[in-house]
Amino acid sequence: MLWRTFSWAVLRPVVVVEQTMKAANYLNIIADQLHPYMAFVFPTGNGIFQQDNAPCHKARIVLEWFEEHTDEFHLMSWRPDSPDLNPMEHIWDVMERQHRAQAPPCPNISTLLDRCLDIWYNLSPVMYQKLVASMPRRVATV
């Protein structure tokens, strides 16, 4: 699994998750990766973070962590039955189409990972800037 985030300004480095994503793993990623990023991008604490409704995102320990950090940035409220309007889904679609357009098929996981990283780091800034601009102000997304 690849954990990734972006804002209007930048695509963040990808975190490769080699195990099933559980709440504890996710909490480590948001504490180690997301927290310093949000503090850098939104130093005044007015940033908004969006995630989908994956079970690990809704876990009690994760939601409590976000509550403890509301003075630094806010977690966007996301109804479980809402349409999936997460801009990351659009990026996944672009990445999948670019991956399928490349030949030959990836012979192994390592090659697939390299290809995914190459596609990620070569995404057009205009594309992800338009996605962020379509969302409420100051959103970083996962």
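Leucine 75 lies in strand S4 (residues 73–75), where strands (E, at least two residues) and helices (H or I, at least four) are DSSP runs numbered from the N terminus. This is a predicted model, in which local features need pLDDT of at least 70, side-chain atom pairs count only at pLDDT 80 or more, and totals for chains, interfaces and linings use all residues. Residues are numbered from 1 along each chain as its sequence is written, and side-chain values use heavy atoms, with hydrogens and water left out.

**Leucine 75**
- Leucine 75 counts as partly exposed because its relative accessibility is 28%; buried means under 20% relative accessible area, exposed over 50%, and partly exposed in between (1.4 Å probe, protein chains only).
- Apart from neighbours within four places in sequence, leucine 75 is in contact with Phe49, Gln51, Leu63 and Phe66, contact meaning heavy atoms within 4.5 Å.
- From C-alpha to C-alpha, leucine 75 and alanine 103 are 39 Å apart in space, and they are 28 residues apart in sequence.

**Helix H3**
- Helix H3 (residues 87–101) has 15 residues and reaches 22 Å from its first C-alpha to its last, close to the expected 21 Å at 1.5 Å a residue; the expected span is 1.5 Å times one less than the number of residues.
- Pro87, Met88, Ile91, Val94 and Met95 are buried in H3.
- These residues cover an arc of only 115° around the axis, so they are on the same side of H3; the arc is that of the directions from the helix axis to the C-beta atoms.
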